[in-house]
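Colleague: Could you take me through how to read aromatic pairs, a helix face and a nonpolar core in a model of this kind?

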Amino acid sequence: MPEPREPLGLADAIRGAAIPSLAGMAYELSGLAWVLGGAAALTSLAALAGDPELVSDAVGSGVPIPGPLVATGLFLAALPLLLVCSRVGGGAARLSIAPDPERPTTLLRSWAEGKSVQTSAAAIWIQIFGMMACGTFVLLGPIVALTALVGPETLGPFGVVLSGLALVLTLAYAAELGALHQLALASLVRHDRGVGSAVLHGWRLMRARPEHMRRLAAAEFALRALILIAASFAGYLAGGPWGLAQLALLASLVGSVRCRAWSLIYPRLGGLSVSGGPRQA
């Protein structure tokens with residue numbers, strides 16, 4: 001496999017990206033599979049333990065965990081949004097392969113372009129969601145079970161060390177899954193391949209360049225985490241609607257750039273040449 005070319009600069013990603021962009025916002029929101037997968041696992045652990053605060057304290061996150069009924073309602077309400085974002089995000093990813101300066105990536109163009117990949121993009125989302133949920137359950141479940149069994153006071157500093165280690169491993173796993181999601185989607189929109197093949201191809205690209213991918217995964221995770229933290233902080237200060245508005249605003253500013261960046265990164269990591277692209281109108 002050829003060595004990756006010169007490092008990708010921010011100017012390369014911004015060039016050809018539409019800012020702000022509703023299509024970019026959809027792409028950004030469609031990349032939250034690992035976030036919701038981890039949240040689903042924590043909610044399940046809270047339901048099994050019977051005490052959301054115990055789970056929050058055990059993993060050392062301090063993040064409030066909703067009850068199972070609230071979490072289920074939120075997930076069902078977000079399901080239509082997931083399908084829309086999968087189609088628009090997939091269309092935006094396809095249009096970013098060869099952006100046309102005369103025709104920016106709009107919501108309508110992305111919606112039309114994403115028709116053929118909507119189901120596959122949603123299936124990749126579900127796969128990443130499931131992988132993150134299972135990984136979180138495996139990595140954090142034991143420390144939650146131990147805390148529930150003997151109590152946080154009994155564990156003392158030993159519990160802090162265990163929870164810190166488990167949380168670091170979970171976040172590292174989340175960063176890898178975030179990068180895998182983007183590479184799998186980039187592969188999907190370029191080639192006529194199945195969902196499993198796209199994910200496997202993305203995983204092979206990651207394994208071929210482990211050090212390069214660690215840096216990319218860390219940058220992907222850090223930027224997405226900053227956006228979520230900023231939205232959460234706005235929601236904490238001004239209320240939930242303002243937090244959602246902050247998330248939408250930041251996603252519309254960053255999503256198109258991220259979409260274009262991964263479109264450029266994919267071939268530089270050794271991805272196959274484009275066998276298809278945006279349809280000509």
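Colleague: Are Trp125 and Phe129 buried or exposed?

Modeller: Both Trp125 and Phe129 are buried, where buried means under 20% relative accessible area, exposed over 50% and partly exposed in between, with a 1.4 Å probe and protein chains only. This is a predicted model, in which local features need pLDDT of at least 70 and side-chain atom pairs count only at pLDDT 80 or more, while totals for chains, interfaces and linings use all residues. Residues are numbered from 1 along each chain as its sequence is written, and side-chain values use heavy atoms, with hydrogens and water left out.

Colleague: How is a pair of aromatic rings described?

Modeller: A pair of aromatic rings is described by the distance of the centres and the angle of the planes. Rings of Phe, Tyr and Trp (its six-membered ring) pair if their centres lie within 6.5 Å, and planes under 30 degrees apart count as stacked, over 60 as edge-to-face and the rest as tilted. Searching the whole structure gives two aromatic pairs. Trp34 and Phe221 form a tilted pair, 5.3 Å centre to centre with 35° between the planes; Trp34 belongs to helix α3 and Phe221 to helix α11, 187 residues apart, so that the pair links distant parts of the chain (helices are DSSP runs of H or I, at least four residues, numbered from the N terminus). Both Trp34 and Phe221 are buried. Trp125 and Phe129 form a stacked pair, at 5.4 Å centre to centre and 15° between the planes, and because they are four residues apart in helix α7, about one helical turn separates them.

Colleague: Which residues of α10 are buried, and where do they lie around the helix axis?

Modeller: The buried residues of α10 are Val195, Ala198, Val199, His201, Gly202, Leu205 and Met206. Seen down the axis, they fall within an arc of 160° (taken from the directions from the helix axis to the C-beta atoms), so they line one face of α10. On the other side of α10, Arg204 and Arg207 are exposed. The buried residues of α10 pack against α7, α9, α11 and α12, contact meaning heavy atoms within 4.5 Å.

Colleague: Which residues touch the most other members of the largest nonpolar core?

Modeller: A nonpolar core is a set of buried Ala, Val, Leu, Ile, Met, Phe, Trp, Tyr and Cys residues joined through side-chain atoms within 4.5 Å. In the largest one, of 44 residues, Ile124, Leu183, Leu185, Leu188, Met213 and Trp262 touch the most other members. The largest share of this core, eleven residues, comes from α9.

Methods: Helices (H or I, at least four residues) and strands (E, at least two) are DSSP runs, numbered from the N terminus.
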